[in-house]
Amino acid sequence: MRQFISGLNEINNPDLLKFLNIKLIGLHTSSDQLPESDFETYSELILDEKQDKLKPGSLKQKLSKNRLKYDIIVVRAFTAKIAALAARDGRVDAILLSDRSTVKVFNRRFARRLQENNKLIYLDVSNFIGSIRASTIRPYLRILQSMEGIPLHFILVNYTLNELDFRPYRGLQSIARLLNLSPSNTDIQPLYDRIQLNRKKISGKIPFVGIEIIEEED
Amino acid sequence: MVVRNERKRYILLSFYGDLPDLATLNKKIRKKVSELKGEIFLADSGLYLFKHKDHFVIRCNHISRFTVEAAIYSVKLSSHVKILRISGTIKGLGKEFESAIDPSDSEDFVQFEE
């Protein structure tokens, strides 16, 4: 099983990452600025509705501007409008859920829309490391209970600035078990497939949906 | 006739950085299990921690194994921790290493149970 970590700006401590058996790393840089290293790296962009002050129009602009520069684009939405747009738009790969997400927006209907559009769900479990409060866990439980029964792909992430809070992906999966998410729901193979697909699309090997150029005749 | 309804699981840990103190680690993991599932679950889990050479081993029952695993990864320490292997027997843990792990032979064996 590939171990994976997301949310780094650069690879500071490769020995630690080797100890944690991490092979795939998501970096917050564009695809042309990915460093060469022993690890497999991919470029990731997170569009946060509150930090980036997103509105539907500005979100569409940012997506069209950045789609060809990043392998994976994730949207962190708080309102229903932005969440619905992100779920529908083909340029968005994943939606980020955190303790500030509410069940008013992220409910069963939204889960069906995500499933129809084949989106990934990034679940931030950094709040479970250290002291845990019931008030922090409750939003996760309510959202996941409302989405129960719908087959979705969850990717566990640990957005933390402290290196001591880095955990192997298996550790994040064991934490997700507390939320009734099994390891089969949280496998990272769908993420890996999505990265490969997006790279093919960006390089022009998939010009249209359903068509892939394997060999070019000279 | 005594009937055992639970099976034991031995969890082998590995650390990156300074090795933590046995008592501190034990206290933190027990506190985390209690925080996650409560004191009664902790009492029922049969949790205890012992040390062999450079490795720490946690014993628990099969029912509490996943919770103990989550507790290990969610506790904050001054170094990184990783689960190397989980086995139903202590001997099963030692297959990765040259010497089999047998706590009764070790001078470092400390049975720590509250």
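**Note on the predicted two-chain model**

1. Strands β2(B) and β3(B) pair in the antiparallel sense, and five bridges link them. Within this pairing, B:Lys51 stands opposite B:Phe56 of β3(B). The model is predicted, so every value here is computed from its atoms. β2(B) is largely enclosed by the rest of the structure, because four of its five residues are buried.

2. Now the whole sheet in chain B. Four strands form an open sheet, ordered β2-β3-β1-β4, with antiparallel pairing. Its edge strands are β2 (48-52) and β4 (80-87) of chain B, and each of them pairs on one side only. From one strand to the next, the twist averages 30°. Helix α3 (residues 65-74) of chain B packs on this sheet. The helix touches β1, β3 (55-61) and β4 of chain B, and its direction makes about 160° with that of β4(B).

3. Which strands does β1(B) pair with? One is β4(B): strand β1 (residues 8-16) of chain B pairs with it in the antiparallel sense over seven bridges. B:Leu13 has B:Ile83 as its bridge partner in β4(B). Another is β3(B), which runs antiparallel to β1(B) and is joined to it by six bridges. There, B:Leu12 is partnered by B:Val57 of β3(B).

4. Next, the cores. The largest nonpolar core has 79 residues. Those with the most contacts inside it are A:Phe106, A:Tyr122, A:Leu191, B:Leu13, B:Ile58 and B:Ile72. Helix α3 (residues 80-88) of chain A gives the most to this core, with five residues. Another core, of ten residues, lies apart from it; A:Leu8, A:Phe19, A:Ile22 and A:Phe39 are among its members. In soluble globular proteins, nonpolar side chains tend to be buried together.

5. B:Ile58 deserves a look of its own. What does B:Ile58 touch, not counting residues up to four places away in sequence? Its contacts are B:Arg9, B:Tyr10, B:Ile11, B:Leu13, B:Ile29, B:Leu47, B:Tyr48, B:Leu49, B:Val68 and B:Ile72. Of these, B:Leu13 and B:Ile72 are also listed with B:Ile58 among the residues with the most contacts inside the largest core.

6. Chain A has seven helices and seven strands. From the N terminus on, its elements run β-α-β-β-α-β-α-β-α-β-α-β-α-α. The radius of gyration of chain A is 17 Å, which agrees with the value near 17 Å for a compact globule of 218 residues. Along its principal axes, the C-alpha trace of chain A spans about 65 × 45 × 30 Å. Buried residues make up 50% of the 218 residues in chain A. Take the contacts in chain A between residues at least 6 apart in sequence: 63% of them join residues at least 24 apart.

7. Helix α7 (residues 189-203) of chain A has 15 residues. From first C-alpha to last it reaches 21 Å, close to the 21 Å expected at 1.5 Å a residue. Buried residues in α7(A) are A:Pro190, A:Leu191, A:Tyr192, A:Arg194, A:Ile195 and A:Asn198. Just after α7(A), A:Gly204 takes a positive phi of about 90°.

8. Is A:Ile129 buried or exposed? A:Ile129 has a relative accessible area of 7%, under the 20% cut-off, so it counts as buried. A:Ile129 lies in the loop between β6 (120-124) and α5 (134-146) of chain A. Not counting residues up to four places away in sequence, A:Ile129 touches A:Asn158, A:Asp165, A:Arg167 and A:Ile175, and also B:Tyr73, B:Ser74 and B:Lys76.

9. Two loop residues are worth checking for backbone angles. Most residues other than glycine have a negative phi. A:Asn21 is not a glycine, yet has a positive phi of about 60°. A:Asn21 sits in the loop between α1 (14-19) and β2 (22-27) of chain A, and counts as partly exposed at 35% relative accessibility. A:Asn180, also not a glycine, has a positive phi near 65°. A:Asn180 sits in the loop between α6 (169-177) and α7 of chain A, and counts as exposed at 68% relative accessibility.

Note on methods:
Residues are numbered from 1 along each chain as its sequence is written. Chains are lettered from A and ligands numbered from 1 in the order in which they are written. This is a predicted model: local features need pLDDT of at least 70, side-chain atom pairs count only at pLDDT 80 or more; totals for chains, interfaces and linings use all residues. Side-chain values use heavy atoms; hydrogens and water are left out. Two strands pair if DSSP finds at least two bridges between them. Axes are lines fitted to C-alpha atoms, for helices over the stretch in contact, and angles run from 0 to 180 degrees between N-to-C directions. Contact means heavy atoms within 4.5 Å. The expected span of a helix is 1.5 Å times one less than its number of residues. Buried means under 20% relative accessible area, exposed over 50%, partly exposed in between (1.4 Å probe, protein chains only). A nonpolar core is a set of buried Ala, Val, Leu, Ile, Met, Phe, Trp, Tyr and Cys residues joined through side-chain atoms within 4.5 Å. The radius of gyration is taken over C-alpha atoms; the globule rule is 2.2 Å times the number of residues to the power 0.38.
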